[in-house]
Amino acid sequence: MNKFLKGAMIVGLSAAMVGCSSNTASDDSDSKNESLSGTITAAGSSALKPLVDVAAEQFSNENPDVSITVDAGGSGEGLKQVADKTVTLGNSDVAAEEKLDKDQAKDLVDHQVCVVTMAPIVNKDVGVKDLTKQQLIDIFTGKTTNWKDVGGPDEDIVLVTRPTSSGTRATFQKYALDGNEEASNASMETDDSGVLLQNVTDTRGAIGYVALSYLVDNDDVDTVAIDGVEPTLENTYSGDYKVWTFEHMYTNGEPDKATKAFLDYIMGEKFGKKMESLGYGVSSKMEKTDH
Amino acid sequence: MDSRIKRAKMIDQFMTIVFYGIALFFFLLLVGFAGKVIIGGLLGAKPEMFGFTRSGSIGNQVFNTIYLVFISLLVSVPIGVLAGIYLAMYAKPGLVTRFLRTCIETLSSLPSIVVGLFGYLIFLVVIGLSKSLLAGALSISILSLPLITTTTEDAIKGLPEGYYHGSMGLGATKWQTIFHVLLPACLSRIMTGVILAAGRGFGEAAVLLYTTGSGSDLRWNNFSFTSPTSPINVLRPAETLSIQIWNLQTNGQDRALANLSSAVLMILVLAFSIGANVWSRHISKKQAGLEK
Amino acid sequence: MSRKSMFCKEYFWQILVTIGGLLVIFVTLLIGAFLVYKGSDTFFKFHHTLGEFLGSANWAPMDNASSKGHVGALIFIVGSLCVCGLALLIATPFALGSSIFMTEISPKFGEKFYRPMVEIFAGIPSVVYGWVGLTVLIPFLKKVFDLQVGHSVLAASLVLSIMIFPSITSVASDAIRAVSKETRMAAYGLGSTRWQTIYRVVIPAALPGVISGIVLGLARAFGEALAVAMVIGQTTALPKSIFSTSKTLTTEIAAQMGNAMEGGEMKAALWTMALLLFLISLLFITIIHKFSKPKGE
């Protein structure tokens with residue numbers, strides 16, 4: 001009997017301790033009025049992370065009482081975590097409705113912070129600088145398998161792509177391949193754009209696609225023009241180059257003061273210059289906002 | 001007959017050479033591997049990378065890594081040691097004990113991404129912690145728990161029977177025997193296990209990705225327990241070296257920094273492995289001296 | 001101290017220690033239950049059959065809540081088996097050689113330098129293994145075999161074999177060391193050479209321990225994700241040779257889990273794959289117990 005009581009006591013005690021630790025999590029919400037303060041956590045799209053990192057650093061230099069952390073983890077995780085309220089901002093390459101069911105998505109508020117342009121890239125030895133859209137489709141669906149068919153050397157084409165759930169892949173498939181499904185059984189999928197870039201750099205005859213932000217100061221691969229239009233920010237703004245998408249940062253409900261200030265900062269004119277130097281496009285400069 | 005002996009001797013010599021060859025091969029492989037990572041990383045480093053700034057340096061990450069592993073050990077060591085004592089001293093052979101062993105081994109072979117997602121669900125969604133050092137440390141302790149439990153059990157069982165019987169014979173209770181005789185005697189071996197567990201914690205990335213977050217914004221003049229920028233606050237997000245490597249490599253940016261973090265991480269792991277070995281050898285020598 | 005309080009203390013600690021043990025069981029069961037709960041959706045919510053999941057190579061789950069996709073995970077199961085099997089074939093001879101070296105050939109040097117060295121291999125983070133594999137091993141394979149693509153089942157197996165070699169070595173060497181001195185002396189006394197003693201007497205005597213080391217290595221190999229993902233060249237196709245690219249259970253989980261839609265068919269299928277991994281671990285552990293004598297009983 002005694003034994004049992006002791007056991008029950010300990011279980012109760014440890015449960016109480018767990019309870020305590022969960023309460024302390026919300027302690028830092030009282031904010032001072034004179035200056036911005038608070039904690040902002042962002043998670044999701046790995047393509048967006050470098051930009052948000054830079055913005056966070058500059059923003060917190062000006063507002064030292066705001067602590068900002070930025071995580072990768074994937075668009076799906078970002079949206080799920082903002083819906084779970086475990087983060088303040090959910091970064092995503094795709095609209096929330098595509099990765100969450102309606103109930104979860106309805107509370108989320110969309111902030112289209114920037115434009116990301118995807119460019120086809122090839123290994124240096126291929127030497128092909130321009131492809132028609134049809135050629136691109138044939139290559140990625142596995143119909144064309146040798147570079148000599150599209151004006152390159154006699155060499156097998158190696159497809160380097162992203163996993164089926166990736167936002168980058170979805171965008172490229174929709175606007176560069178006109179919705180045609182990529183040949184999954186003949187392509188090498190890479191978990192992230194950094195490794196994809198490395199693979200295209202190292203593999204003869206490789207073709208893949210990354211966001212322009214990965215190509216700033218990169219001379220290891222060649223970009224390919226589609227129907228003669230170079231993948232550049234200017235061509236994206238003018239609407240000539242079609243393979244782009246808005247990057248979203250979602251908040252659960254309307255953002256609090258610090259978060260709103262941060263979002264305004266990212267979308268502001270001052271940060272826009274920095275944004276372009278990092279290879280991201282400024283949303284407000286888009287002449288056409290649909291494809 | 002003669003030739004058979006000769007042949008046997010020749011084969012024997014040949015195999016000896018083969019074994020030396022294998023040993024040499026792995027020695028060279030490790031030297032090459034460690035050399036490439038450490039030397040390559042340090043050579044490519046710029047002096048400002050050793051600072052404690054928000055980005056572009058590794059100082060905060062080194063601190064976070066050590067702090068996080070320390071917290072995780074605060075959780076896993078007591079539970080692991082208790083469970084180890086239970087297995088060594090109290091458990092009766094039977095279904096429950098066998099099941100407990102199976103559990104320990106299953107825990108030790110879980111893919112870390114599964115532990116990470118489990119940690120996310122339990123510590124963040126159910127308990128309601130934010131992405132924090134504490135949540136990451138708790139998840140890591142799930143991984144190091146089996147190692148500490150097994151080491152403790154093996155250490156206690158490895159003691160000479162005389163320790164137990166001697167103490168019990170003097171009228172000590174079972175717990176007094178465990179606490180005052182057995183545990184002190186095998187403390188060093190348990191410590192070795194703890195240090196090895198720490199070494200594994202250092203390199204873990206997949207678990208922390210979902211639970212800890214990538215905070216590297218520390219103010220070194222701020223030592224309040226609740227501020228999100230205070231180094232000692234356990235409820236703040238914390239980027240460790242392994243997450244930093246992962247983040248940098250997946251984004252293909254600042255490779256030199258990623259290489260430096262890899263080098264520093266390797267040095268940490270090496271230091272802990274070597275430290276654990278030196279320690280255990282030192283202690284076993286001391287114990288051998290006592291027993292004579 | 002009164003006698004009564006002494007016994008109270010005794011009970012208190014006994015209970016605390018038991019709770020320590022129960023907590024370990026509790027955590028494992030919780031993880032198991034969590035995986036079953038998440039992984040069963042494939043069958044109950046999306047109405048796929050177990051046969052389809054295990055036996056079909058048609059992997060095209062929908063990244064939304066409809067159940068119109070296909071969830072055949074055969075490619076990943078076969079990929080995992082090939083990569084891990086090959087890694088085991090490569091690692092086992094080396095690991096056995098190493099453990100014989102450090103126990104029989106040069107025990108002093110082995111204990112002082114070789115064992116710590118092997119443990120260092122175990123402590124290297126898998127991201128680092130993967131990155132070195134991608135930047136050193138793959139160009140090397142391309143050169144040696146004159147391949148266009150170096151990513152392959154072979155590359156993944158090589159990286160994995162280095163990663164699991166420490167576990168096999170340390171368990172196997174413990175088993176070999178545990179073979180009694182008398183057994184060895186008897187063999188030497190009959191005029192055996194060292195090699196004859198090793199492979200006719202010591203290895204057979206240590207075999208159960210060696211096998212559990214191998215199985216442990218295999219369990220490790222099955223669970224590894226990040227390093228394998230970087231070098232296997234993830235292609236959704238069954239491997240045709242050791243030079244072809246493929247996928248494993250863990251690489252697919254790691255690649256898609258972060259992006260897949262919560263509550264969708266793909267996410268459910270990924271959780272089912274995680275559950276499968278858990279069950280495979282359990283299976284291996286049962287095998288280890290069959291081969292090794294129960295501890296301390």
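Hi everyone, this is a short walk through chain B, its contacts with chains C and A, and a few spots in chain A.

Before we start, please keep in mind that this is a predicted model: local features need pLDDT of at least 70, side-chain atom pairs count only at pLDDT 80 or more, and totals for chains, interfaces and linings use all residues. Residues are numbered from 1 along each chain as its sequence is written, while chains are lettered from A and ligands numbered from 1 in the order in which they are written.

Let's begin with chain B. How many helices and strands does chain B have? The count is 10 helices and 0 strands, where helices (H or I, at least four residues) and strands (E, at least two) are DSSP runs, numbered from the N terminus. Along the sequence, then, the pattern reads α-α-α-α-α-α-α-α-α-α. The C-alpha trace of chain B spans about 70 × 60 × 35 Å along its principal axes. Of the 292 residues in chain B, 51% are buried; a residue is buried if 20 or more other C-beta atoms lie within 10 Å of its own, exposed if 12 or fewer, and partly exposed in between, with C-beta atoms placed from the backbone. Among the contacts in chain B with a separation of 6 or more, 77% are between residues 24 or more positions apart. Here, two residues are in contact if their C-beta atoms, placed from the backbone, lie within 7 Å.

Now to one helix pair inside chain B. Two packed helices are described by the angle between their axes and the distance between the axes. Helix 2 (residues 59-90) and helix 7 (residues 174-203) of chain B have axes that come within 9 Å and cross at roughly 135 degrees. The axes are lines fitted to C-alpha atoms, for helices over the stretch in contact, and angles run from 0 to 180 degrees between N-to-C directions. Helix 2 and helix 7 of chain B are therefore oblique to each other: angles under 35 degrees count as roughly parallel, over 145 as roughly antiparallel, 65 to 115 as roughly perpendicular and the rest as oblique. The crossing of these two helices of chain B is right-handed, meaning that the near helix is turned clockwise from the far one by less than a right angle. On the helix 2 side, the contact residues include B:Val69, B:Leu73 and B:Val77, and on the helix 7 side they include B:Ile190, B:Val194 and B:Phe202. By class, the residues of this contact between helix 2 and helix 7 of chain B are 12 nonpolar, 4 polar and no charged. For the classes, Ala, Val, Leu, Ile, Met, Phe, Trp, Tyr, Cys and Pro count as nonpolar, Asp, Glu, Lys and Arg as charged, and the others, Gly among them, as polar.

Next, the neighbours of chain B. With chain C, the contact takes 64 residues from chain B and 56 residues from chain C. Which helix of chain B gives the most to the side that touches chain C? That is helix 1 of chain B, with 16 residues. The side of chain B that touches chain C has 44 nonpolar, 13 polar and 7 charged residues.

Helix 1 of chain B also crosses helix 4 (residues 74-105) of chain C: their axes come within 9 Å, at roughly 110 degrees. That makes helix 1 of chain B roughly perpendicular to helix 4 of chain C. Among the residues that meet there are B:Phe19, B:Ile22 and B:Phe26 from helix 1 of chain B, and C:Phe94, C:Ile100 and C:Phe101 from helix 4 of chain C. This contact of helix 1 of chain B with helix 4 of chain C has 9 nonpolar, 3 polar and no charged residues.

With chain A, the contact takes 27 residues from chain B and 31 residues from chain A. Helix 9 of chain B provides the largest share of the side that touches chain A, 4 residues. That side of chain B divides into 9 nonpolar, 15 polar and 3 charged residues.

Finally, chain A itself. In helix 5 (residues 133-140) of chain A, A:Leu136, A:Ile139 and A:Phe140 are buried. Seen down the axis of helix 5 of chain A, its buried residues fall within an arc of 90 degrees, so they line one face of the helix; the arc is that of the directions from the helix axis to the C-beta atoms.
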